[in-house]
Amino acid sequence: MTVTPTGARPAYVGGSVKRREDPRLLRGRGRYVADIRPAGTVHMAIVRSPHAHARIVGVDASRALATPGVLAVLTWDDIADQAGPIPCIDLYPDSLPTLQTALADGVVRYVGQPVAALVATDEYLAEDALDGVEVTYEPLPAVVDLDEAVAGHTLLYPEHGTNVVTTIAQDVGGDAAVDAAFAAADHVYTETFTVHRYVPAPMETRGVVAEIDPVTERLTLITSTQFPHLVRGFLSGVLGLPESRIRVIAPDVGGGFGAKCEFYCEEILAPLFAMRLRRPVKWIEDRREHMVASSHAREQKHTVRVAVSADGTVTAVDARSWTSNGAACCTLATTPASISSAMLRGPYRIPVYRARAHCVTTNKTPLAVYRGAGHPQAVLVMERMMDIIAADLGRDRVELRLQNMITPAELPNDRGTAIVLAGQVVYDTGDYGAVLRRAAGMIGLTPDWAAEQQRERARGRYLGIGVASLVEETAIGPYESAVVRVDGAGKVTVLTGSSPHGQGHVTTFSQLVADELDIDLEDVTVLHGDTDVVAEGVGTFASRSAAIGGAAARSAAATVKEKALTLASHLLEIDPADLEWRDGAAVVRGASRSMSLAELAGAATAWNAPLPGGLDWNLEATHRHQAPGIAFSHATHAAKVAVDVTTGEIDVLDYVVVHDCGTVINPSIVEGQVHGGVVQGLGGTLFEEVPYAADGTPLARNLADYLLPTVSDVPVIRTDSAESPTPLNPYGMKGAGEGGATGAPGALVNALADALAPFGVHLTSDGPWTPDRVLALIPEEQA
Ligand code: MCN
């Protein structure tokens, strides 16, 4: 091949390349679990508990079994010897083992818990046949309130003598330092905050298809998951099958937001039926089921004491929190409490810190991670505190924050706390103050703001601005793997253990690999989500894929390039130092001789002599990117709202996010991630909530009760970015997937508090701030 000297192409990384996955998805050519129907498929339906807490006296399935079309029923007795409990991977050593089994083992502890399951020839028959499974319950008192659960008068697991499953401790400075800081403080502020319960509500609910290959006897589980490789491991453990006999496929996944990085009962039950019936078994969660059967999120209570010196320096925080973990520890049960306790201080120095985070079992759906995990709660608490302190001291809230913020010169900064599964919190890079200043300027928090606010108030218009600064854990380990392979035609295939479900990895991973090999984006194919295609992987959660999975893919491509150069130096009989890589080819410096990837791949296939340095002959490389630490992204959110004090309606007039996720691969994808997260944070602050009746009945069972924001509720979200590359991977990327959701509740609640300041409101809850609740804040005579 002859190389033209104009070879240099602009880098893909850093460019807003259009998402390669979208033409297919937008034209309805996605292939989700619901679209998959192998020949002979039969359908599973689940008998779910109508009680929040009850003893199961008996299960009589005879009527269901006699129903034409019903093929089998499973109860706990049928599976007790075959299926172990659902593992929880983030338990602390002292955590009580409150694990859930695929079907209730004699006691139900939340409305929606699977009690029995059946399979019929079609989905309608299966649903109808549920009535034929008669379950006799002996109701038990339920506990839904966090304080009551902690008091322990009603126990979910009497054998443990407490509802507190675990207490996570974070100690920075020790008890004596805490006592000294509070004794020396000029001001001490004590507040209690509540954060309500959400449902992640992805567009696609969950679903599974399980099938046994009649020839190989291998089990294939097609499931709407964020981590197929971990599901393979869990299933192997729970059913006692070797991993080599299990294939897990995550096809197109229509969102997960954390709810799909859980291992669920149905992922065990469908394989059990498939093994018995020797037919493919399918289950698609309906929206009503999703509201109780997929993980819930967020619900916490925090009590914080904050020590402040006369000049506004925050010297210590002493915090306690309680997370309503629901009826069992699910796959990721303690992570929200762990993150919120480790990250409560956000970007602020606060040299002395003590936290005790209690995970409490309650008669509700198990609670797990949801976009941001424990961060949004921590940000709400700390950022409300900053505003409360500023107001009390008569200080400018931005200036008070800046005074307490960690500066770039103080980084890296070991915070002295730790996050379960992720490790020590050591902030890496960033300029938190610069980002705050920029966001404050963009939203209009200028010296004129107070005057404008007064003017508008005089006209009966209550405007408020709120800011919330955050630092968030992203890019956690332990590792992600990638294979980069060049075929005979010189085209490149990337196999990644990351498992996208809306994030656009096909695009961004192609950008990374195409840049490394200096080839066209279209020459890169990215494959994921099939454990038979991608040998190992961890999955997509904790905003880890760009920084861990992307780094693995790019590093594997770099190795392929090295191998290609070595091969070229042999074939061309040229010193490696005289070769360079350009335009997808090994090029002899200063000459027109070169070998393209296709030529090298062809030669590699024919090559049968060993290469020096022990290199193997193929143009393929596997790389595991091992995370040496956590990369911390950061941002400031700023919201401007107008509150109608006669209707209680909140109108979000403007929303700004200035964020920093290190080196950006694709700015428009990152912006989309920020927008999506903000919409979820806004939804949770203004509308979304799963209330429970005192008897444990969930009161939001569909999307008429659980109000998701619509396009008319969402303002134009303006973003700007800073880039402080992390040294924790060779390419500088940090995570971007969650920050939008993390900052929004804090910014919006602060904006609401600012708007309603003339009424003396003191907000210590994340709402949701529905019109009736807003109105209740305003004394009637003043409205
Ligand atoms: N990206 C980038 N440059 C960076 C960082 C990220 O271009 N410096 C790109 C990535 O390549 C990827 C996207 O931004 O295309 C998000 O990357 P990352 O922050 O690494 O997050 P993950 O890909 O690991 O995704 C997980 C994260 C989480 S934890 C939740 S929850 C979440 C989210 O992503 N759920 C989502 N975004 C979602 N988006 C959609 N559409 N649906 C979900 O369920």
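**Cavities and an open sheet in the predicted model**

In this predicted model, 14 residues line the second largest cavity, and those nearest its centre are Glu472, His634, His659, Ala736 and Gly739. The space inside the second largest cavity comes to about 80 Å³. Four elements each supply at least two residues of its lining: strands S18 (462-474), S26 (631-643) and S27 (650-660), together with helix H19 (739-755). Sorted by class, the lining of the second largest cavity holds six nonpolar, six polar and two charged residues.

Looking at the structure as a whole, five cavities of 30 Å³ or more are found. The largest cavity has a volume of about 150 Å³. Its lining is made up of 20 residues, with Gln100, Tyr110, Tyr264, Ala293 and Pro366 nearest the centre. Eleven nonpolar, five polar and four charged residues make up the lining of the largest cavity.

Turning to the sheet, seven strands with mixed pairing build an open arrangement, in the order S3-S5-S1-S12-S9-S10-S11. Strands S3 (70-75) and S11 (246-249) stand at the edges with a single partner strand each, so one side of each has no neighbour in the sheet. From one strand to the next, the twist averages 20°. Within the sheet, S1 (residues 42-48) pairs with S12 (residues 281-284) in the parallel sense over two bridges, and Val42 has Val281 in S12 as its bridge partner.

Two helices accompany these strands. Helix H7 (residues 228-239) packs on the sheet and touches S10 (219-223) and S11, its direction making about 145° with that of S11. Helix H8 (residues 266-277) lies across S1, S3, S5 (114-120), S9 (207-212), S10 and S12, and runs at about 30° to S9.

Technical notes
Residues numbered from 1 in each chain as written. Predicted model: local features only at pLDDT ≥ 70, side-chain atom pairs only at ≥ 80, totals over all residues. Heavy atoms only, no water. Pairing = 2+ DSSP bridges. Axes fitted to C-alpha atoms, helices over the stretch in contact; angles between N-to-C directions. Contact = heavy atoms within 4.5 Å. 1 Å grid on protein atoms, 1.4 Å probe; cavity = no way out; pocket = protein on both sides within 12 Å on 5 of 7 lines; lining within 4 Å. Points joined across faces, edges and corners; volume = space filled by probe spheres on them. Nonpolar A, V, L, I, M, F, W, Y, C, P; charged D, E, K, R; others polar.
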